[in-house]
Amino acid sequence: MPTPRRTSPRRPRTRRLRGAVLGIALAVTTTMLSGCATPGATVLDVDAPVTITMWSGQSDQAEKLLQRLVTEFEDEHPNVTIDMSAGSSSTEELLQKLAASFAGHDSPDVSYTFGSWASQLERSGRTLDLRDVVSDPEVRWDEFSPAARATAQPTGGKVIGFPAVVDNISLLYNKTVFDRAGVAYPTADWTWSDFRRAAKRLTDTDSHTYGYGYSVSGSEETTWQLWPHLWQNGGAILSEDGERSAFDSEAGVRAVAFLRGMAVDDRSVYLDQTDTKAAQLFASDRIGMITSGPWQLSALQTAKTSYGVVQLPGTDGDHQTVSGPDLWTVFDNEDVNRAHWATEFTRWLTSAEQDERFNVAVGNLPLRSSETSSAAFRKQVAALPGLDVMQANSANARQARPTVPGYNGLSEAVGNGVARVLQGEGTPAETLRQATVAADKALRQG
């Protein structure tokens with residue numbers, strides 16, 4: 001699939017670079033003299049020549065599109081030079097590069113960053129605060145999804161950047177499998193009970209066909225598929241202060257028990273150890289339903305799979321989904337001219353006009369709700385049917401995944417526990433209790 005990432009197109013990759021990397025660098029930074037940095041402009045002069053540095057974190061196709069936009073911005077603002085590079089050989093390595101740049105006083109002015117790093121980056125003290133910028137009505141901040149806005153404002157204080165990529169998971173169904181089993185297609189009003197009944201009817205042991213595919217790799221793919229179930233049941237991932245896990249609750253037990261019932265009792269779930277096989281089996285008409293996102297559509301078109309897309313089934317009318325927004329984070333290099341133009345460029349890049357030529361052009365969801373009626377997005381919907389449904393489903397991404405430094409450890413604890421339960425080991429209640437111990441330890445360590 002077309003993707004702006006320099007890494008795998010699977011969106012919910014586990015973020016293995018922990019907060020400790022950034023923390024070590026910050027400790028070094030605080031011991032260094034501020035005089036090590038070259039003094040920057042202290043009085044804004046919008047006409048002064050200025051060079052800003054940008055780390056793009058993009059794949060080749062998206063990098064070329066982005067470079068064209070950078071050149072256009074430079075042409076419109078002759079005093080501005082944007083020194084853009086990938087920043088590192090893979091997007092995952094950018095966090096470590098950023099930590100080193102903080103210590104060396106040579107940070108980029110703008111960098112692509114995973115949303116899961118947002119809290120760490122804010123706590124570094126090296127990001128700009130864009131709250132005044134996004135409060136300008138002309139920015140139309142409310143056009144970004146709630147999850148994207150929350151990721152950009154990770155602790156409720158500073159706004160550290162603009163959304164760079166947005167997504168969500170929706171319900172994809174294989175029409176061939178449904179037709180073969182004589183089951184009516186899913187609708188936007190489906191409950192999880194409707195979903196479970198359909199999955200059971202779609203399952204055919206003789207042809208090795210399953211109703212649903214779910215990851216049991218223990219990775220973030222396993223974990224983030226659980227969060228909509230947790231949220232729809234009224235649960236939370238973290239305590240209100242963000243210091244402790246909160247998934248070990250009645251809502252959490254119900255969420256895991258539901259999936260266990262399908263996997264162990266109904267045997268209607270293909271348990272994917274690889275995070276890739278289920279999508280392949282869906283494309284080849286051996287799985288009836290998967291919950292996935294826009295990155296899946298191009299492969300389905302290539303495979304000529306007959307499919308449809310609806311929002312996730314709901315609980316008492318609640319159809320919440322999960323999203324993994326990433327950011328263009330803007331950094332403070334103690335130069336008001338660089339800060340001004342880094343902000344102006346990022347604001348310009350994430351406007352509807354430019355986003356249609358960047359995210360929409362590479363097959364991602366548009367960043368803004370106002371883009372849904374654009375000719376560029378309609379063209380992509382024609383090429384990737386269901387993309388419009390996924391865009392509308394962004395409204396159901398009402399909560400953001402945590403961006404606290406310990407989230408990776410929490411995710412690993414939950415993912416491994418859920419994987420065991422779905423394979424018939426342990427009970428949902430005891431598994432979540434055990435996961436809480438490891439998760440809270442990860443949160444304490446950061």
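Me: Which residues does F195 touch, not counting residues up to four places away in sequence?
Reply: This is a predicted model, where local features need pLDDT of at least 70, side-chain atom pairs count only at pLDDT 80 or more, and totals for chains, interfaces and linings use all residues. Residues are numbered from 1 along each chain as its sequence is written, and side-chain values use heavy atoms, with hydrogens and water left out. Contact means heavy atoms within 4.5 Å. On that basis, F195 touches L171, W190, Y212, F258, M262, M289 and P313.

Me: In which helix is F195?
Reply: Helices (H or I, at least four residues) and strands (E, at least two) are DSSP runs, numbered from the N terminus. F195 falls in the run of residues 192–202, helix α8.

Me: Is F195 buried or exposed?
Reply: Buried means under 20% relative accessible area, exposed means over 50%, and partly exposed is in between (1.4 Å probe, protein chains only). F195 has a relative accessible area of 0%, so F195 is buried.

Me: Which aromatic cluster includes F195?
Reply: Rings of Phe, Tyr and Trp (its six-membered ring) pair if their centres lie within 6.5 Å; planes under 30 degrees apart are stacked, over 60 edge-to-face, and the rest tilted. F195 belongs to one cluster of W192, F195, Y212, Y214 and F258.

Me: How many aromatic pairs are there by this rule?
Reply: The rule is the ring-centre limit of 6.5 Å. By that rule the count is 19.

Me: Why is the pair of Y112 and W328 edge-to-face?
Reply: A pair of aromatic rings is described by the distance of the centres and the angle of the planes. For Y112 and W328 the centres are 5.3 Å apart. The pair is edge-to-face because the planes stand at 85 degrees.

Me: How many residues apart in the chain are Y112 and W328?
Reply: Y112 is in strand β3 (residues 110–113), and W328 is in strand β10 (residues 326–330). The pair links distant parts of the chain, and the separation is 216 residues.

Me: Which kind of pair do W141 and F162 form?
Reply: Their ring centres are 5.7 Å apart. Their planes meet at 90 degrees, so the pair is edge-to-face.

Me: Where is F162?
Reply: W141 sits in the loop between α5 (131–134) and α6 (146–152), 21 residues from F162. W141 is buried at 12%, and F162 is buried at 0%. F162 is in strand β4 (residues 161–165).

Me: At roughly what angle do the axes of α18 and α19 cross?
Reply: Axes are lines fitted to C-alpha atoms, for helices over the stretch in contact, and angles run from 0 to 180 degrees between N-to-C directions. The axes of α18 (residues 407–422) and α19 (residues 428–445) come within 8 Å and cross at roughly 165 degrees. That makes α18 roughly antiparallel to α19; angles under 35 degrees count as roughly parallel, over 145 as roughly antiparallel, 65 to 115 as roughly perpendicular and the rest as oblique. The angle asked for is roughly 165 degrees.

Me: How many charged residues are in the contact of α18 with α19?
Reply: Among the residues that meet are L410, A413 and R420 in α18 and Q434, A438 and L443 in α19. Ala, Val, Leu, Ile, Met, Phe, Trp, Tyr, Cys and Pro count as nonpolar, Asp, Glu, Lys and Arg as charged, and the others, Gly among them, as polar. The contact has 12 nonpolar and 4 polar residues, and the charged count is 1.

Me: Which residues of α18 make the contact with α11?
Reply: Helix α11 (residues 250–266) packs on α18 at about 40 degrees, with the axes 8 Å apart. From α11 come V256, L259, R260, A263 and V264. From α18 come V418, V421 and L422.

Me: What is the relative accessible area of R140?
Reply: R140 is in the loop between α5 and α6. Its phi is positive, about 55 degrees, although R140 is not a glycine. R140 is partly exposed, with a relative accessible area of 49%.
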